[in-house]
Amino acid sequence: MSKTNRSQTVVPKERKHLRTATPKKVDNQPSTSELSGQASAQRTLALITDSLETSKAVDIVPLDIQGKSALADYMVVASGTSHRHVNAVADHLLRSLKADGQGTSRVEGLSNADWVLIDAGDVIIHIFRPEVREFYQLEKIWSEDIETVH
């Protein structure tokens, strides 16, 4: 039987330092996580107005409320022609927001469908029946140039 010499030291081979590859930017467009708050709000606003137009909402009015409210950057006021239409427009919009990765938006008034409020973070959406919209006149209130104290 042969004996193995266990006292031999194994010297590791010298390691070469490998340079790590850095990914090259394909284009100069920022990723969705790099979008600024303003760009994100504008992108959400565009998605919302497209969804409202697709579902045949009436009198779509986007309002820039930056500086007027800390709640959101934009407000969109739109109408449906009936209870059923208001409900369908709101449902279509919620599905569009969720499909775009906006998460679950907060919703009020969907069961009555007179006035549905959807909070999509940077954009607040009001969908009314025409009579209710005429009564509350939200776009008139928010479009006035009044400085508010936060």
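**Rings and helices: questions and answers**

User: Does Phe128 count as buried or exposed?

Analyst: Buried means under 20% relative accessible area, exposed over 50% and partly exposed in between, with a 1.4 Å probe and protein chains only. The relative accessibility of Phe128 is 0%, so this residue counts as buried.

User: What kind of model is this?

Analyst: Residues are numbered from 1 along each chain as its sequence is written, and side-chain values use heavy atoms, with hydrogens and water left out. Local features need pLDDT of at least 70, side-chain atom pairs count only at pLDDT 80 or more, totals for chains, interfaces and linings use all residues, and the model is predicted.

User: In what order do the elements of the chain run from the N terminus on?

Analyst: Helices (H or I, at least four residues) and strands (E, at least two) are DSSP runs, numbered from the N terminus. The chain has 4 helices and 5 strands. Their order is α-β-β-α-β-β-β-α-α.

User: Where is Phe128 placed, and which residues does Phe128 touch?

Analyst: Phe128 lies in strand 5. Contact means heavy atoms within 4.5 Å. Leaving aside residues up to four places away in sequence, Phe128 touches Val77, Ala78, Ser79, Gly80, Val86, Asp114, Trp115, Arg133, Tyr136 and Leu138.

User: Why is the pair of Trp115 and Phe128 tilted?

Analyst: Rings of Phe, Tyr and Trp (its six-membered ring) pair if their centres lie within 6.5 Å; planes under 30 degrees apart count as stacked, over 60 as edge-to-face and the rest as tilted. The structure holds 3 aromatic pairs. In the pair of Trp115 and Phe128 the ring centres are 4.8 Å apart and the planes stand at 35 degrees, so the pair is tilted. Trp115 in strand 4 (residues 115-119) and Phe128 in strand 5 (residues 123-128) belong to distant parts of the chain, and their separation is 13 residues.

User: Is Trp115 buried or partly exposed?

Analyst: The relative accessible area of Trp115 is 27%. Trp115 is therefore partly exposed.

User: At what angle are the ring planes of Trp115 and Tyr136?

Analyst: The ring centres of Trp115 and Tyr136 are 4.7 Å apart, and the pair is tilted. This pair also links distant parts of the chain, with Trp115 in strand 4 and Tyr136 in helix 3 (residues 130-136), 21 residues apart. Tyr136 is partly exposed at 38% relative accessibility. The planes of Trp115 and Tyr136 are at 50 degrees.

User: Which residues do ring pairs link into a cluster?

Analyst: Trp115 has ring pairs with Phe128 and with Tyr136. The cluster linked by ring pairs consists of Trp115, Phe128, Phe135 and Tyr136.

User: How do the residues of the contact of helix 1 with helix 2 divide?

Analyst: Ala, Val, Leu, Ile, Met, Phe, Trp, Tyr, Cys and Pro count as nonpolar, Asp, Glu, Lys and Arg as charged, and the others, Gly among them, as polar. Helix 1 contributes Thr44, Leu47, Ile48, Ser51, Leu52 and Thr54, which meet Val89, His92, Leu93, Ser96 and Leu97 of helix 2. The residues divide into 6 nonpolar, 5 polar and no charged.

User: How far apart in space are Ser143 and Leu63?

Analyst: Ser143 belongs to helix 4 (residues 138-143) and is partly exposed at 41% relative accessibility. Not counting residues up to four places away in sequence, Ser143 touches Leu63 and Lys68. Ser143 and Leu63 are 80 residues apart in sequence, and their C-alpha to C-alpha distance is 7.0 Å.
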